[in-house]
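Hi,

Here is the structure I promised to pass on to you.

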Amino acid sequence: MILPIIGYGDPVLRKVGVEISPDNPNLDILIENMYATMYNAYGVGLAAPQIGLSIRMFIIDTEPFSENDDLKTDEKNQLKSFKKTFINAKIIKEEGNEWAFNEGCLSIPDVREDVFRKEKITIEYCEEDFVRKTEVFEGLIARVIQHEYDHIEGILFTDKISSLKKTLIKKRLQNIMEGKIRADYKMKFFNKKGR
């Protein structure tokens, strides 16, 4: 089932997610619905707060990035097959140089800005089997993970841009809060008039 994506301004996007346990009711259905919602919105990642749940879970499928002609063949192949569910994730380490990439967010439609992030991360997490693992990711995969991880920490990519850029997009963010925008997917707005 395709769920509405929570728009900028809703307090749920600012909450730190709580850990979930293997006996979380209907977890498999929730994960299935999250993938359906993400694909419907042409996203590469979706975190539980973006569908109104303050839990430590996000999903990623970087396949759309594999079409980028600027990338080397092995990175394209890696991106093409990277699809993963992250439960109770904790980033242990971020390292390497910071690099800029133009980021967007399904909760903040039509707003894109360059965000600087470290190139390599070490993350501890579980998949649906709840077996704890620690892995290292680099490049675009690391960036998508960092972006989605921020969501379960109550952080948005707009928090990582300069004060000047924040001022320049203030009106657009206000329009999202009030539902005065048009997205190509189902959304739920915090301050929509007549709600």
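Let's start on the inside: the largest nonpolar core has 38 residues, and L27, M34, L46, M57, I87 and I108 are those with the most contacts within it. A nonpolar core here means a set of buried Ala, Val, Leu, Ile, Met, Phe, Trp, Tyr and Cys residues joined through side-chain atoms within 4.5 Å. "Buried" stands for under 20% relative accessible area, "exposed" for over 50%, and "partly exposed" for anything in between (1.4 Å probe, protein chains only). Two or more residues of this core come from each of β1 (5–6), α1 (27–40), β3 (57–61), β4 (83–105), β5 (108–126) and α4 (163–177). α1 gives the largest share, 6 residues. Those labels are DSSP runs numbered from the N terminus: helices are H or I with at least four residues, strands are E with at least two.

Zoom in on L27 and you'll find that it touches I20, M57, I87 and F130, leaving out residues up to four places away in sequence. A contact is a pair of heavy atoms within 4.5 Å. There is also a second, separate core of 21 residues, with V44, I91, V144 and Y149 among them.

A quick word on where this comes from: the model is predicted, so local features need pLDDT of at least 70 and side-chain atom pairs count only at pLDDT 80 or more, while totals for chains, interfaces and linings use all residues. Residues are numbered from 1 along each chain as its sequence is written, and side-chain values use heavy atoms, with hydrogens and water left out.

Now the overall picture. The protein has 4 helices and 7 strands, and along the sequence they follow the pattern β-α-β-β-α-β-β-β-α-α-β. The radius of gyration is 16 Å, close to the 16 Å that the globule rule gives for 195 residues, so the protein is as compact as a globular protein of that length. (That radius is taken over C-alpha atoms, and the rule is 2.2 Å times the number of residues to the power 0.38.) Along the principal axes, the C-alpha atoms fill a box of roughly 45 × 40 × 30 Å. Of the 195 residues, 48% count as buried. Among contacts with a separation of 6 or more, 67% are between residues 24 or more positions apart.

Next, the sheet. Five strands form an open sheet in the order β2-β3-β4-β5-β6, with antiparallel pairing. Strands count as paired if DSSP finds at least two bridges between them. At the edges are β2 (45–47) and β6 (132–138), each pairing on one side only. From one strand to the next, the twist averages 45°. β5 and β6 pair over 7 bridges in the antiparallel sense, and I123 stands opposite E135 in β6. Helix α1 lies across β2, β3 and β4, at about 45° to β3. For such angles, axes are lines fitted to C-alpha atoms (for helices, over the stretch in contact), and values run from 0 to 180 degrees between N-to-C directions.

On to charges: how many salt bridges does the structure hold? There are 15, each one a side-chain nitrogen of Lys or Arg within 4 Å of a carboxyl oxygen of Asp or Glu. One of them joins D159 and R14, at 2.6 Å from N to O. D159 is in the loop between α3 (139–152) and α4 and R14 in the loop between β1 and α1, so this pair ties together parts 145 residues apart in sequence. Both ends are partly exposed, D159 at 32% and R14 at 38%.

K133 and E127 make another salt bridge, with the closest N and O atoms 2.5 Å apart. K133 is partly exposed at 25%, whereas E127 is buried at 18%. A further one links K160 and D150 at 3.7 Å. K160 is partly exposed at 38%, but D150 is buried at 8%. Shared partners join E103, R117, R143, D150 and K160 into one network.

Most residues other than glycine have a negative phi. D110, in strand β5, has a positive phi near 65° and is exposed at 59%. F130 has a positive phi of about 60°; this residue lies in the loop between β5 and β6 and is buried at 19%.

Cheers
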